[in-house]
Amino acid sequence: MEQLIATVTPYVVVLGGGAWVLYKLVAYPLRKCPRCRGGGNLPAGLLGRYRRCGRCGGTGEVRGMFGRRT
Ligand SMILES: [Zn+2]
């Protein structure tokens, strides 16, 4: 039984690491921020003023779902 565990464990680690990397690549590609629409700024409510978009941190891009790039 101990030998079985010792044999299987490296495969579990490798498969788990591979699945984790794939998950990161598929689930979290960058896409255009839907709040500021890529501009990085939002209207601040003051005349002609804009504030930095809090969702994307002003970069205009956020992490999307399911690999969509919009
Ligand atoms: Zn934004």
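In which loop is C56 found?

Modeller: This is a predicted model, in which local features need pLDDT of at least 70, side-chain atom pairs count only at pLDDT 80 or more, and totals for chains, interfaces and linings use all residues. Residues are numbered from 1 along each chain as its sequence is written.

C56 is found in the loop between β3 (50-52) and β4 (61-63). Helices (H or I, at least four residues) and strands (E, at least two) are DSSP runs, numbered from the N terminus. The protein chain has 1 helix and 4 strands, and their order from the N terminus is α-β-β-β-β.

C56 is buried, because 21 other C-beta atoms lie within 10 Å. A residue is called buried if 20 or more other C-beta atoms lie within 10 Å of its own, exposed if 12 or fewer, and partly exposed in between, with C-beta atoms placed from the backbone. Of the 70 residues in the protein chain, 6% are buried.

Leaving aside residues up to four places away in sequence, C56 touches C33, C36, G40, E61 and V62; two residues are in contact if their C-beta atoms, placed from the backbone, lie within 7 Å. For G40, which is 16 residues from C56 along the chain, the C-alpha atoms of the two are separated by 7.0 Å.

Another loop, between β1 (30-32) and β2 (41-43), holds R37. R37 counts as exposed because it has 12 C-beta neighbours inside 10 Å. R37 is not a glycine, yet its phi is positive, at about 55°. Most residues other than glycine have a negative phi.
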